[in-house]
Amino acid sequence: MSDAPESTISLKVEFGGGLELLFSNQRTHNISLPAQVPISATGGEGNKGTKSVDIAYLILWLRDNLLKEREELFVENGTVRPGVLVLVNDTDWELEGEGEYGLKHGDEIVFISTLHGG
């Protein structure tokens, strides 16, 4: 058995509060992401190496790979739009470092829209 780090990270991503409608009306997605991503992939300057995959990368990956319509209802200025609650393993992402939270194998990330018409 090797002590080499894993090359991919498996996650469970869930959508609620109506966001699932933007993702093929599917609430739960099991996805795999590369463990290391280019620094420039999340808006860094230039392309100087790699970094561990984080939620900022996940948000852009979801936008580019799973989002089916109305991007503006999910992403704004490179992150989730105001009114979208993000939970990392049942904890508010603000307590975990928001977009800088380094994703780990088996993490569960939940996106819930708190915006309602009225």
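A residue is called buried when its relative accessible area is under 20%, exposed when it is over 50%, and partly exposed in between (1.4 Å probe, protein chains only). Helices (H or I, at least four residues) and strands (E, at least two) are DSSP runs, numbered from the N terminus.

The model is predicted: local features need pLDDT of at least 70, side-chain atom pairs count only at pLDDT 80 or more, and totals for chains, interfaces and linings use all residues. Residues are numbered from 1 along each chain as its sequence is written, and side-chain values use heavy atoms, with hydrogens and water left out.

**Overall architecture**

Of its 118 residues, 36% count as buried. The protein exposes about 7000 Å², of which carbon and sulfur atoms supply 47%; these areas come from the Shrake-Rupley method with a 1.4 Å probe, and for residues only the protein chains shown count as cover. Contact means heavy atoms within 4.5 Å. Among contacts between residues at least 6 apart in sequence, 54% join residues at least 24 apart.

**The helix**

Helix α1 spans residues 55-65, and eight of its 11 residues are buried, so the helix is largely enclosed by the rest of the structure. The buried residues are Ile55, Ala56, Tyr57, Leu58, Ile59, Leu60, Trp61 and Leu62. At the start of α1, a side-chain oxygen of Asp54 comes to within 3.4 Å of the backbone nitrogen of Ala56. This is a polar contact, defined as a pair of N or O atoms within 3.5 Å; within protein, one must be able to donate a hydrogen and the other to accept it, and residues adjacent in sequence count only if both atoms are side-chain atoms.

The helix lies across β1, β2, β7 (84-88) and β9, and runs at about 120° to β2. Axes are lines fitted to C-alpha atoms, for helices over the stretch in contact, and angles run from 0 to 180 degrees between N-to-C directions.

**The sheet**

Five strands form an open sheet of mixed pairing, in the order β2-β1-β9-β7-β8. Strands β2 and β8 stand at the edges with a single partner strand each, so one side of each is left without a neighbour in the sheet. Two strands pair if DSSP finds at least two bridges between them. Strands β1 and β2 pair in the antiparallel sense over seven bridges, and Glu14 stands opposite Thr28 in β2.

His29 lies in β2, which covers residues 28-34. With a relative accessible area of 8%, His29 is buried. Not counting residues up to four places away in sequence, His29 touches Leu11, Lys12, Val13, Phe15, Phe23 and Leu66. A polar atom of the His29 side chain also lies 3.1 Å from the backbone oxygen of Gln26.

**Salt bridges**

Side chains of opposite charge can pair when their charged atoms come close. A salt bridge is a side-chain nitrogen of Lys or Arg within 4 Å of a carboxyl oxygen of Asp or Glu. The whole structure holds five salt bridges, including those tabulated here.

| Pair | N to O distance |
|---|---|
| Lys12 and Glu108 | 3.9 Å |
| Arg63 and Asp64 | 2.8 Å |
| Arg70 and Glu72 | 3.3 Å |

The side chains of Lys12 and Glu108 meet in a salt bridge. This pair links distant parts of the chain, with Lys12 in strand β1 (residues 8-16) and Glu108 in strand β9 (residues 108-113), 96 residues apart. Lys12 is partly exposed at 29% relative accessible area, and Glu108 is likewise partly exposed at 25%. Lys12, Glu14 and Glu108 are linked in a network of salt bridges.

Arg70 is partly exposed at 46%, and Glu72 is partly exposed at 43%.

Lys104 is found in the loop between β8 (91-92) and β9 and is partly exposed, at 46% relative accessibility. The C-alpha atoms of Lys104 and Ser10 are separated by 7.9 Å, although the two residues are 94 residues apart along the chain. Leaving aside neighbours within four places in sequence, Lys104 is in contact with Ile9, Ser10 and Leu11. The side chain of Lys104 makes a polar contact of 3.4 Å with that of Tyr101, and one of its polar atoms lies 3.2 Å from the backbone oxygen of Gly102.
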